[in-house]
Amino acid sequence: MPNIKSAKKRVLVNETKHSNNVPKKSSMKTAIKKAVVSPSEETVKEANKKIDKALSSGIITKNEAARQKSRVAKKLNNK
């Protein structure tokens, strides 16, 4: 445990951000898996929406978002 006040605050802030980011990333991954396993317009649209939300909140990078969207679209187009 840190002794400095600002370091203690960073620990609390990091825990809060972690607890907010994990569910968002998990739901994104679940949507992607659904879209890859059974690609349809609905599942792909939902996956893209979740990917965009994760990107806008800074959970994933721009390149990761593009890669995941491409992967999902590829599955839809090749079904």
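Q: Which residues of α1 are buried?
A: In this predicted model, M28, A31, I32, A35 and V36 of α1 are buried. Buried means under 20% relative accessible area, exposed over 50%, and partly exposed in between, with a 1.4 Å probe and protein chains only.

Q: What do they pack against?
A: The buried residues of α1 pack against α2 (41–56) and α3 (62–77). Helices here are DSSP runs of H or I with at least four residues, strands are runs of E with at least two, and both are numbered from the N terminus.

Q: How many residues does α1 have, and how far does it reach?
A: Helix α1 covers residues 5–37, which is 33 residues. From first C-alpha to last it reaches 48 Å, close to the 48 Å expected at 1.5 Å a residue. The expected span is 1.5 Å times one less than the number of residues.

Q: Back up a bit. How many helices and strands does the chain have?
A: Three helices and zero strands. The order from the N terminus is α-α-α.

Q: What is the radius of gyration?
A: The chain has 16 Å, while a compact globule of 79 residues would be near 12 Å. The radius is taken over C-alpha atoms, and the globule rule is 2.2 Å times the number of residues to the power 0.38. Along the principal axes, the C-alpha atoms fill a box of roughly 55 × 20 × 15 Å.

Q: What share of the chain is buried?
A: Of the 79 residues, 22%.

Q: Now Q68. Where is it, and is it buried or exposed?
A: Q68 is found in helix α3. It counts as buried because its relative accessibility is 14%.

Q: What is Q68 in contact with?
A: Leaving aside neighbours within four places in sequence, Q68 is in contact with I32 and I51. Contact means heavy atoms within 4.5 Å.

Q: And K33, buried or exposed?
A: K33 sits in helix α1. K33 is exposed, at 58% relative accessible area.

Q: How far is K33 from L12?
A: They are 32 Å apart, C-alpha to C-alpha, and 21 residues apart in sequence.

Q: Where is N20, and what separates it from I59?
A: N20 is found in helix α1. The C-alpha atoms of N20 and I59 are separated by 9.9 Å, and the two are 39 residues apart along the chain. N20 is partly exposed, at 43% relative accessible area.

Q: Switching to charges: how far apart are the mean positions?
A: The 21 positive and 6 negative charges have mean positions 7 Å apart. Lys and Arg count as positive, Asp and Glu as negative, and His and the chain ends are not counted. Each charge is placed at NZ of Lys, CZ of Arg, CG of Asp or CD of Glu.

Q: Which ground rules apply?
A: Residues are numbered from 1 along each chain as its sequence is written, and side-chain values use heavy atoms, leaving out hydrogens and water. Local features need pLDDT of at least 70, side-chain atom pairs count only at pLDDT 80 or more, and totals for chains, interfaces and linings use all residues.
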